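Please report on the structure shown here.

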Amino acid sequence: MFELIWQGLLETLYMTIVSTLLAYVIGLPLGVVMVVTDKDGIYPLVTLNKILGVIINLVRSIPFLILLIAVLPFTRFVVGTTIGSTATIVPLVIGAAPFIARLVEASIKEVDKGVIEAAQSMGATPFQIIYKVMIPEAKPSLIVGSAIAITTILSYSAMAGIVGGGGLGDIAIRYGYYRYQNDIMLVTVAILVLIVQAFQEIGMKLAKINDKRN
Amino acid sequence: MTDRTIIKIKNLSKSFVSKNGTVTALENINIDIKQGEIFGIIGMSGAGKSTLVRCINFLERPTSGTVIFDGKDLSLLSKKELERVRQSMGMIFQQFNLLMQRTVIANVCFPLEIAKVPKKEALKRAYELLEVVGLADKAKAYPAQLSGGQKQRVAIARALATNPKILLCDEATSALDPSTTRSILALLKDINKKMGITIVIITHEMSVIEDICQRVAIIDNSRIAEIGAVEEVFTRPKSQTARKFVFPEGKRIDRFVSNRCCRIIFDGLSSFEPVIANMVLECKEVVNIIFADTKNIDGKAVGQIVIQLPEKELAAQKILNYLKAKGLTVEEVHNYV
């Protein structure tokens, strides 16, 4: 049993971390674009902004369980299979990227408008403003956001157990739910709780260390 | 100050379109700012002065008219060219607008990074500037650890980093206490003198203009009410708005309703004694001088003054008694006015 749970734990961490990273690769630029192209942004492109906004809301409104099943053909196309933890990464990234885009958007919108104006007064290009002002100034808030993102992705990954997605959620469903092995169910849930706690704590600590405002 | 115009604001107007229609912020503004001068722009809040300073570096694009900076018409420049021109225009703000996640020295290096100055050179320049503003020992501190005055000094060092030709100050001292304000103004004056940089100051405080500006434009209701040398505007304000700034409290003296006047004849009292002033101080009653014709002849005051007495009988009596006690000839004249 220990072997089994250890294996599940590694799979869960693998799925969560890789999915979070990949989801940020899409979500971070998307969130930045949402802020920058806003009608009051530093490079207003209102139509693009509206279209992206609708797409983000659309994907976000699909329940994850349904998304998981709906993208199965795409998952097979990308990974070659629909079972196992690597296959689960595909729906996790698709489901989490728009959510992350919104988190990033909220963090960057917190950056003082005056500081951005100061950068503009120095002749900074929009691109320089993004990577020299917006992202560094929003860093503590972005880190808090990433703690929220990773814990949310962790709980989504557990859901993937229903389609044989691997990881602790899979174990909980197969052994705990289908075979009524309550002890295994309890242990897996307890481990998931601990992981969420750990990610959240680490995120908050990192945010605090990185915040120079106080 | 030279005769060369560095900033020419030409027929500049700016309006904003909002839900409730078009709001005019500036209307037909024309100002020539000379190289090397400290030019003040004063106005009540909402007069449009902050919009005006943002139009100078095109942070706000004018609706019509233009700004000619150092011979270049800013409205004709491409985005890229405009970004380059802004590197020769420094700006400081009421809220300092420092990067909170960067150290003081990294803040001063920031505009140099934007201008793609090599890092080593940038650091050297940044340390020199921190020396100028007197904060070399705070290089490694974060803005949150500094006082308001120190933050503004960092902002000044930052604004000067790229060796700009002008420095725009948007209410730069409005968030500071009076003594810090004075020290920041002294620093600006010093920079103007030593570096020859043209400074444009936006403020709502007359004392700031008095302290360091050579010329001033008064903005009221989106237009320029008056423009000229500071002494000129201060001693002979022509517009209503200028008067409001020069005599801020609008000290209104209650009008005398009394018709009771008296003539004081001076025939040899020492002209060194300020009779009327002393009388007002001692009696603690005000009088209105209606007519005066006195001469100083060999140290003696000769002539007459007609004053209007307070309406209250007691007060009037007090004044009459005081004057008589001084040995002056006093006679009441009725309906003088």
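B:Ile265 counts as partly exposed, because 14 C-beta neighbours lie inside 10 Å. The burial scale counts other C-beta atoms within 10 Å of a residue's own: buried means 20 or more, exposed means 12 or fewer, and partly exposed is in between, with C-beta atoms placed from the backbone. This is a predicted model: local features need pLDDT of at least 70 and side-chain atom pairs count only at pLDDT 80 or more, while totals for chains, interfaces and linings use all residues. Residues are numbered from 1 along each chain as its sequence is written, and chains are lettered from A and ligands numbered from 1 in the order in which they are written.

B:Ile265 sits in strand β11 (residues 260-270) of chain B. Strands are DSSP runs of E with at least two residues, helices are runs of H or I with at least four, and both are numbered from the N terminus. Leaving out residues up to four places away in sequence, B:Ile265 touches B:Gln304, B:Leu328 and B:Thr329. Contact here means C-beta atoms, placed from the backbone, within 7 Å. B:Ala301 is 36 residues from B:Ile265 along the chain, and their C-alpha atoms are separated by 9.5 Å.

Most residues other than glycine have a negative phi.

| Residue | Phi | Loop in chain B |
|---|---|---|
| B:Asp70 | about 55 degrees | between β4 (64-69) and β5 (72-73) |
| B:Phe96 | about 65 degrees | between β6 (89-93) and α3 (104-114) |

Are these residues buried or exposed? B:Asp70 is partly exposed, because it has 17 other C-beta atoms within 10 Å. B:Phe96 counts as buried, because it has 25 C-beta neighbours inside 10 Å.

## Chain B overall

Chain B holds 11 helices and 14 strands. Its C-alpha trace spans about 85 × 50 × 40 Å along the principal axes. The radius of gyration of chain B is 28 Å, whereas a compact globule of 337 residues would have one near 20 Å. That radius is taken over C-alpha atoms, and the globule rule is 2.2 Å times the number of residues to the power 0.38.

The domain assignment gives domain 1 (5-88 + 164-246) and domain 2 (260-334) of chain B. Such bounds come from an automatic or database assignment. The centres of domain 1 and domain 2 of chain B, over C-alpha atoms, are 49 Å apart. Of the 337 residues of chain B, 37% are buried. Take the contacts in chain B between residues at least 6 apart in sequence: 68% of them join residues at least 24 apart.

## Helix packing in chain A

Helix α5 (residues 85-109) and helix α7 (residues 126-159) of chain A have axes that come within 9 Å and cross at roughly 150 degrees. Axes are lines fitted to C-alpha atoms over the stretch in contact, and angles run from 0 to 180 degrees between N-to-C directions. Among the residues that meet are A:Leu92, A:Phe99 and A:Leu103 in α5(A), and A:Leu142, A:Ile148 and A:Tyr156 in α7(A). The residues of this contact divide into 14 nonpolar, seven polar and no charged. Ala, Val, Leu, Ile, Met, Phe, Trp, Tyr, Cys and Pro count as nonpolar, Asp, Glu, Lys and Arg as charged, and the others, Gly among them, as polar.

## Where the chains meet

The contact takes 20 residues from chain A and 18 residues from chain B. On the chain A side, α6 (113-121) and α7 each supply at least two residues. That side has six nonpolar, seven polar and seven charged residues.

Notes. Contact = placed C-beta atoms within 7 Å.
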